[in-house]
Amino acid sequence: MTAIDNYIPLAKAVEEAGYAGFLVPDSLIYPQASDTEYLYNSDGSRDFLENKPFVETFILASAILTATSRLEVTSNVVKLPVRQPLYSAKLACSVDALSGGRFNFGVGLSVWPDDYQAMGVDYAKRGKRLDECIAIVRGLATGDYFAFHGEFYDMQSVKINPVARRPLPILVGGHSDPALRRAALHDGFIYAGGALDDFVALIEKLRSYRAEAGTADTPYRIFARTYDAVTPDYVRRMEDLGVTDMPVAFRNMYANEEDTQPIDEKIADYVRFADEVMAKL
């Protein structure tokens, strides 16, 4: 949600400063009229999205991964049920293979019924549709022949090429119980933000769902931060809760106004945080 010209120099700078990765968002459209509330900010308004340049997720991920050599890129999150799953698998696996396995496929439901209507997809049973989409992406990402016969999708045995040498990591976003149960089945969870107490409650649920699913002992990523000030002690607290990756930003992402902060000031913010927090961990 910043100027397009900022992405590549910022990615190069944070890689040099020692950061592990870069999150890229997904936003398809901005409807002229909508009565849907946004779930993850304080007032439910979606006004902060208008006139913000959202480069298509896979294109932006490819650009950042090509411009860097170590940085991971994680989609946060691709609205998978409104997209054709075989094509999404082709895109995600191509990006992952091209980068040598540095792409994490974060997926979730769109909170906007407008997205479903515009893409010609039924809003009903969107959770079940997402489950089928994930199953198709995961099956095709192996590089082997894969067939699928579900409620929404019917696919003969096919395979895609290229795929990365390692399994494509699939992480799930969302705060509802079904979202947490879904996240427990896959490779990680992406937290959209909120108060620390709310996050602790979600993590406790996620742990119980992973135990039920038999995935509690498998490698797992949790991307999360809350609204608290980030200090070395705070990072250690989050690590104790199971957080593996902590996105940081130094401005209000939900501000309606255009981001006009100069790129050199942005880079300075990230370098300062690396020196004052990351270097002490």
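Rings of Phe, Tyr and Trp (its six-membered ring) are taken to pair if their centres lie within 6.5 Å; planes under 30 degrees apart count as stacked, over 60 as edge-to-face and the rest as tilted. With that in hand, you can pick out Y19, F250, Y270 and F273, which form one aromatic cluster.

Before going further, a word on the ground rules. This is a predicted model, in which local features need pLDDT of at least 70 and side-chain atom pairs count only at pLDDT 80 or more, while totals for chains, interfaces and linings use all residues. Residues are numbered from 1 along each chain as its sequence is written, and side-chain values use heavy atoms, with hydrogens and water left out.

Back to the rings. Searching the whole structure turns up twelve aromatic pairs. In one of them, Y191 and F199, the ring centres are 4.8 Å apart and the planes meet at 50 degrees, so this pair is tilted. Both Y191 and F199 are buried, where buried means under 20% relative accessible area, exposed over 50%, and partly exposed in between (1.4 Å probe, protein chains only).

F250 lies in the loop between helix 8 (232-240) and helix 9 (263-276), and Y270 lies in helix 9, so the pair ties together parts that are 20 residues apart in sequence. Helices (H or I, at least four residues) and strands (E, at least two) are DSSP runs here, numbered from the N terminus. F250 counts as partly exposed because its relative accessibility is 35%, whereas Y270, at 16%, counts as buried.

Rings also meet charges. A charge sits over a ring if NZ of Lys or CZ of Arg is within 6 Å of the ring centre and within 35 degrees of the ring normal. R126 lies over the face of Y123, at 3.8 Å from the ring centre, and R210 lies over the face of Y220, also at 3.8 Å from the ring centre.

Next, turn to strand 4. Which of its faces are covered? Both are: F103, F105 and V107 are buried on one side, and N104, G106 and G108 on the other. Six of the six residues in this strand (residues 103-108) are buried, so strand 4 is largely enclosed by the rest of the structure.

Strand 4 also has several partners, and two strands pair if DSSP finds at least two bridges between them. Strand 2 (residues 72-75) runs parallel to strand 4 and is joined to it by two bridges, with V73 opposite F103. Strand 7 (residues 170-173) pairs with strand 4 in the parallel sense over three bridges, and here F105 stands opposite I170. Strand 3 (residues 78-79) is likewise parallel to strand 4, through two bridges, and K79 has G108 as its bridge partner. From strand 3 the chain passes through helix 3 (residues 85-98) to strand 4 in a right-handed β-α-β crossover; with the strands pointing away from the viewer, right-handed means that the path from the first strand over the helix to the second runs clockwise.
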